[in-house]
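Dear colleague,

Please find below the structure that I am handing over to you. My notes on it follow directly after.

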Amino acid sequence: MEIGKYIDHTNLKMDATTEDITKLCEEAIENNFENVCVHPYYVSLAKELLKNTNIGVCTVVGFPLGMNTPKVKSFEAIDAVENGADEIDMVINVGALKDKDYDYVKKEIELIRDDIDGKILKVIIETSLLTKEEIAKMTEICNETFVHYIKTNTGFGSRGVSLEDIKTINENKNELLEIKASGGIKTFKQMNELIEAGASRIGTSSSVEIVKNMKEEK
């Protein structure tokens, strides 16, 4: 397994510094990770640090609560792309989903999708707050909006990703939709189980430890 190509190497801490993001990018280069995932504030820095590499820059929109209005999320996404973001991870409005305002949720996703000039869009649904039925419904909405990925968690919820989350998504997704598992992923065993269950991307801040863990298990 070329483990690095599954990983979005992440630092979304509230107190992340320039030094922290520089270290993140250096680790991504050393381990050939697929992306770094950083706050919008650090997109330009990460893009500069990763120039002349194949490593992408991912950032978050409406993070971590998802309660911004669609116009605000759209502005944030466009600004991120202009600053060099290759992939956008957008948090849905969970309250709107729980109100069964599916049209609102769908239109918001479509707005962001159309505004980011073909860049990869991952829709964060925050499975820690959802019932199995709500996870299934959000998977259906992601199918209908033709986004690239459905993403499980922000990492700020009450729990991380579970294998049951991935199973539920897999049972309801179409062939085009991919899964990014995130939230509390700290070991190679856990990562491998999620990939075997259907995830094709992993978001974690424990990437370097996972790589070491994998080498130790061999």
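How many of the residues of strand β4 (residues 87-91) are buried? Five of its five residues are buried, and the strand is mostly covered. Here buried means under 20% relative accessible area, exposed means over 50%, and partly exposed lies in between (1.4 Å probe, protein chains only). Helices (H or I, at least four residues) and strands (E, at least two) are DSSP runs, numbered from the N terminus.

Please note that this is a predicted model, in which local features need pLDDT of at least 70 and side-chain atom pairs count only at pLDDT 80 or more, while totals for chains, interfaces and linings use all residues. Residues are numbered from 1 along each chain as its sequence is written, and side-chain values use heavy atoms, with hydrogens and water left out.

The strand β4 and its neighbours

In a regular strand the side chains alternate between the two faces of the sheet. In β4, Glu-87, Asp-89 and Val-91 are on one side and Ile-88 and Met-90 on the other, and both faces are covered. Strand β3 (residues 56-61) runs parallel to β4 and is joined to it by four bridges; two strands pair if DSSP finds at least two bridges between them. Cys-58 has Glu-87 of β4 as its bridge partner, and Val-60 stands opposite Asp-89. Strand β5 (residues 120-124) is also parallel to β4, with five bridges between them, and Val-123 in β5 is the bridge partner of Met-90.

The barrel and its helices

Eight strands form a closed barrel in the order β1-β2-β3-β4-β5-β6-β7-β8, with parallel pairing. From one strand to the next, the twist averages 25 degrees. Helix α1 (residues 18-31) packs on the sheet, where it touches β1 (7-11) and β2 (35-38), and its direction makes about 165 degrees with that of β1. Contact means heavy atoms within 4.5 Å; axes are lines fitted to C-alpha atoms, for helices over the stretch in contact, and angles run from 0 to 180 degrees between N-to-C directions. Helix α9 (residues 207-217) lies across β1 and β8 (201-204), at about 135 degrees to β1.

In helix α7 (residues 163-172), the buried residues are Asp-165, Ile-166, Thr-168 and Ile-169. They line one face of the helix, because they fall within an arc of 160 degrees when seen down the axis of α7; the arc is that of the directions from the helix axis to the C-beta atoms. Among the elements that cover them are α6 (132-145), β6 (149-151), β7 (178-182) and α8 (188-197).

Backbone features in the loops

Most residues other than glycine have a negative phi, and most peptide bonds are trans. The bond from Phe-63 to Pro-64 is cis, with omega near 0 degrees, and Pro-64 lies in the loop between β3 and α3. Lys-100, in the loop between α4 (94-98) and α5 (102-115), has a positive phi of about 65 degrees although it is not a glycine. Glu-126, in the loop between β5 and α6, also has a positive phi, near 55 degrees. Lys-100 counts as exposed because its relative accessibility is 58%, whereas Glu-126 is buried, with a relative accessible area of 5%.

With kind regards
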